[in-house]
Amino acid sequence: LNAHAFNLAWDDEPFANALLGSDILLRDGIGMKVLFKCLGRDAAKNMNGTDFIPRLLLHLKGRRIALWGTHEPYLSIARDKLLADGHNIVSLANGFEDTDAYLAQLLDCAADVVVLGMGMPKQEILAEMLRKEAKEPVIIIAGGAIIDFISDRFARAPLIWRRCGLEWLFRLKQEPGRLAGRYLKGGLRFAGRAI
């Protein structure tokens, strides 16, 4: 859960319910850390997906993994990198299909793990639907741009930027058209709502 998700959930009840229905929500980003401190709560570790999901996937080697999100060629590049690292990729789908297509694929591929890289709120709402329809236990990970990061479509911020909590600024520099509203206007909305 990051500041952007907080803002979306504030105005989007189905998205808020999808978040609340998750088995696990992890704190992501400096905004949520500040909010937790303002509430007198322990913010714990920053569990942003870009760092956490690759580590989690290391522990899931051998499991049947579906990668659903982004578009070509980045989807295939991510698959090839994960295959080279010893992962078992059983399904690929771009992030622009309708929900029914993903439900059918889940039943067809019998994945143990589904990584969704579609962005909010689509991936969280889809995760909730997949969870309800799954015939077998499955780990569903809502990972935002994780497939794009695995494919090297987007570069990570230098380590010093990340340690200082400034990865958002690095990403804003890379994608100002897409992220300015989220980080600048959204940051102000988040601060007002947090207060």
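A residue counts as buried when its relative accessible area is under 20%. Keep that cut-off in mind as we tour this predicted model.

Phe-6 has a relative accessible area of 18%, so Phe-6 is buried. This residue also has ring partners to explore. The structure holds 6 aromatic pairs. One of them joins Phe-6 and Trp-10 in a tilted arrangement, with 5.8 Å from centre to centre and 40 degrees between the planes. Where do Phe-6 and Trp-10 lie? Both belong to helix α1, which covers residues 3-11, and they sit 4 residues apart, about one turn of the helix. Ring pairs also bring in Phe-190, linking Phe-6, Trp-10 and Phe-190 into a cluster.

**Under cover in helix α10**

Next comes helix α10, residues 167-174, where Glu-167, Phe-170, Arg-171 and Leu-172 are buried. What covers them? The cover includes α8 (146-150), α9 (159-163) and α11 (176-194).

Among the elements, α4 gives the most, with 4 residues. Here is how the lining of the second largest pocket divides by residue class:

| Class in the lining | Number |
|---|---|
| Nonpolar | 7 residues |
| Polar | 2 residues |

Key: Residues are numbered from 1 along each chain as its sequence is written. This is a predicted model: local features need pLDDT of at least 70, side-chain atom pairs count only at pLDDT 80 or more; totals for chains, interfaces and linings use all residues. Side-chain values use heavy atoms; hydrogens and water are left out. Rings of Phe, Tyr and Trp (its six-membered ring) pair if their centres lie within 6.5 Å; planes under 30 degrees apart count as stacked, over 60 as edge-to-face and the rest as tilted. Helices (H or I, at least four residues) and strands (E, at least two) are DSSP runs, numbered from the N terminus. Buried means under 20% relative accessible area, exposed over 50%, partly exposed in between (1.4 Å probe, protein chains only). Contact means heavy atoms within 4.5 Å. Ala, Val, Leu, Ile, Met, Phe, Trp, Tyr, Cys and Pro count as nonpolar, Asp, Glu, Lys and Arg as charged, and the others, Gly among them, as polar.
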